[in-house]
Amino acid sequence: MTQNNYLFEMIRSELTWIVGEAYVQTHDADKLGHSIDYYWVPELWHDRGEKLTPPDFVVHPATAKEVSEILKIANTHNIPVIPWGGGSGSQGGALPIYGGIVLDMKRMNKVLNIDPLSMTVTVEVGINTQHLEWEVEKAGFSTMHFPASIACATLGGFIAHRGTGVLSTKYGKIEDMIMSLEVVTPTGEIINTLPVPRHASGPSLTELFLGSEGTLGVVTQATMKIHPIPESRKFHAFLFKTMHDAMAAGSKIMTNRLRPCAIRLYDETETAKLVKRVLGIDRKGAYLVFGFDGPEKMVDLELEQACAICRKGALEDLGTEAGQNWWDNRYKFFYPPYMFHLPQAFGTLDTVATFAHIEKVYWAMKTTVQDNFPQATFIGHFSHWYEWGCMLYARFIIDNPPQDPHEAVALYNKIWDMAIRAAIREGGVINEHHGVGLKLGRMMKDLYGPAFKVLESVKKALDPNNIMNPGKMGFPGKGV
Amino acid sequence: MHIEKQLEVISACRFCFMCRHLDPVGNVTFTEADTPRGRALIIDKIRMDGQCLGNRDFIDTLYRSALSAANRFHCVSHYDETGLVLAARQDVVEAGFAPENVKALAGELAKASFTVHGKGSILYYGTHPELYPGCKALSGKDPGKALAVLGFAKESEKVLAAFKKAVAASTCKTLVVAEPSAYDFLKDKLDGIKVVHCTEYLLSKQVKAGRARKACYLESDFLKNYNNNMPAPRELLKKCGWTLVPFGTNGEESYAVGEGAVVYDDLNPELCEKLCRRVYELAAGAAAKTLFATASLYVKDTLKKYNPAFNVVTVEDLVANDSL
């Protein structure tokens, strides 16, 4: 849409009437920031001086009613609406690939109620998750949601792509934390899902919107669980000769039904590279760290049980200090210069599988990357553990990708295509917590098979004009 | 361009979101442009395409930054996005693209003059000379910091030269500075002169301890984020009998309403009022008669401007009140 035509001005006037002049932005500075998220491809595009696709409008609604009115305008003019939280998603899910209206939700950032009896917080989902945690802590509780992107992302962003935090093993992913949602449907109805997540009153509408990445509507409010601040939280680390040995110990901790708040296992390559660089632990092998929290007596008991499991197969007991060191520096991995960044090409091949499959998935991806792309380094860690399996946070890094951006993206996509399909063949699911977005949409049909038609039908029924975040999650685009 | 000397910062900040939660302006405008990432992207764009230096939207964004440096203080690698913005402002000014209101403000600031009064071997530069018996007093407006922050480097140097001349004329070898922005500016610019902040000086003296009372201390951008969390203001308040109550929900955000940008209220009054409103909202949760203390006269005056009933004083006011 060009800023010189009548329609642009007509739509701007309509949007301004809803939210006020200060909250409809069309300036270059605002549009630049909304043209790039944390996906490597737009970063590369910017770096190489290529033309990005900006939104036509950046709109900041203050209420669900305003969101509803905006969606009605978008339906009238058949223009895309792309919800935007912190913009820190890595899958291109918030990119306005067809222009249109970016619905920046950060103005909807109020904590509406903390219920100390039920231990829930009701909040507008544009709130930054670190701000949310601070507010909840001030009331004497914690969300226990500690993702690496806690300072970057909004609660809505986590809801949109089923995000997770470091303590997921005990406290769950965002879908386990959410009680209920307020959603504005693509046609502008404001609806609420049932107030509790456990019921037998039909399928869960809350689940339908969790992970829908702004394609089925706009989540405006959420009620989520909060927790008492634990009396104690302790960590311990071990070094194993191989990743396989460490995986055996980690899975035994889980299948013995101990309840760690976190487990993280770094493969030999990542231990040698990142654990050394960030934590200063210079060892050859696989670094395994875990922690427990709660009443101190229970923490000590469970920690000792877990340590006993590890001591049977570990090369070295690195102790509590090395464990605490990891916890204290858990976000440091994601700050520059520790995080990978351009000119490197890098991607997180986030996959989840059962214990029976997870190592096969790891080796399938690693072999695929190493055999086909000798210029790439493959590293991985296992970072979210469940009773039945865990998540593989595998990454490929190319230090010197092609200078030509088209060549670079073609190479990048080829690695994704081959590695992810290898993972799916071995029983892996893409993905555990980064979402699908633009990056992985093309693989949704492979992943779901005929079941994807069900998702397509839901999309079509809820969003007949396909205004909501078109071209994402494998759903149709708007045409180029 | 000056920004080209900061490629490492551009490279680190342009795609990094890790400190966005601490940008005071971004937290009230909600725009991506008003975050360290947003500004670094703009500056990177200017670096790649020099014509963008004249883009009004980009320039406005650069002058909207409150320069609190909370982001830099928080960053595990302490990348200096604040310094990057200052470099970009200097490029804007030198290319002749400074906005009219910025130029007008700079013109006023360039008129600063300085005079020395009284007798003593120590020179005090602030608004409470009665607290410094036996010291000479230096009066005058900003010593060049504000001009430097606006991007007028040469004009800043001229004002600083006038300030240095006044200091030299005093023959004092120690300068006690009250305003944190001036302290930050002067601390390593006066050869042969020891520059201390007024709270450091008062802490070294026999300060009268009052009865036990409570106050919220609003951290100074300059003393905390620019000067590695200088403890003197808090220690002085405690020595005077004040128990400090935490403000807000955390110890990381800046509530200094644009102190880091020195003349922020003159430059962006609407935005500055929004920053103040955020402080008032957070303060509403505190006890009704809570006293707020700040090391900065700018912070006090600005918070009072938009809500005259807001109970805020400077640390020097508190000490003066106890002493007199």
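Two strands pair if DSSP finds at least two bridges between them. Keep that in mind for the sheets on this tour of a predicted model.

**Stop 1: the sheet in chain B**

Select B:Arg213 and B:Trp242. B:Trp242, in E7(B), is the bridge partner of B:Arg213. Now widen the selection to strand E6 (residues 213-218) of chain B together with E7(B). These two pair in the parallel sense, over four bridges. They belong to an open sheet of four strands in chain B, ordered E7-E6-E8-E9, with parallel pairing. Which strands stand at the edges? They are E7 (242-245) and E9 (312-314) of chain B; each has a single partner strand, so one side of each is left without a neighbour in the sheet. From one strand to the next, the twist averages 45°.

H13 lies across E6, E7 and strand E8 (292-294) of chain B. Its direction is about 130° to E7(B).

**Stop 2: the sheet in chain A**

Move to chain A and select A:Leu181 and A:Ala222. A:Leu181 stands opposite A:Ala222 in E10(A). Show strand E8 (residues 178-184) and strand E10 (residues 218-225) of chain A: they pair in the antiparallel sense over six bridges. The open sheet here has five strands in the order E5-E6-E10-E8-E9 (chain A), and the pairing is antiparallel. At its edges are strand E5 (111-115) and strand E9 (190-192) of chain A, each with a single partner strand, so one side of each lacks a neighbour in the sheet. Direction ignored, neighbouring strands are turned by 15° against each other on average.

Helix H4 (residues 64-77) of chain A lies across E8, E9 and E10 of chain A. H4 runs at about 45° to E8(A).

**Stop 3: domains of chain A**

Colour chain A by domain: domain 1 (6-106), domain 2 (108-228), domain 3 (232-334) and domain 4 (345-439). The C-alpha centres of domain 1 and domain 4 of chain A lie 30 Å apart. Their contact takes 14 residues from each of these two domains. On the domain 1 side, seven are nonpolar, five polar and two charged.

**Stop 4: between the chains**

Show both chains. Here 33 residues of chain A are in contact with 28 residues of chain B. On the chain A side, helix H2 (28-33) and helix H5 (129-138) are the elements that give two or more residues. That side divides into 11 nonpolar, 13 polar and nine charged residues.

**Stop 5**

Beyond its neighbours within four places in sequence, B:Val176 has contacts including B:Ile122, B:Tyr132, B:Val196 and B:Tyr201.

Methods:
Residues are numbered from 1 along each chain as its sequence is written. Chains are lettered from A and ligands numbered from 1 in the order in which they are written. This is a predicted model: local features need pLDDT of at least 70, side-chain atom pairs count only at pLDDT 80 or more; totals for chains, interfaces and linings use all residues. Axes are lines fitted to C-alpha atoms, for helices over the stretch in contact, and angles run from 0 to 180 degrees between N-to-C directions. Two residues are in contact if their C-beta atoms, placed from the backbone, lie within 7 Å. Ala, Val, Leu, Ile, Met, Phe, Trp, Tyr, Cys and Pro count as nonpolar, Asp, Glu, Lys and Arg as charged, and the others, Gly among them, as polar. Domain bounds come from an automatic or database domain assignment.
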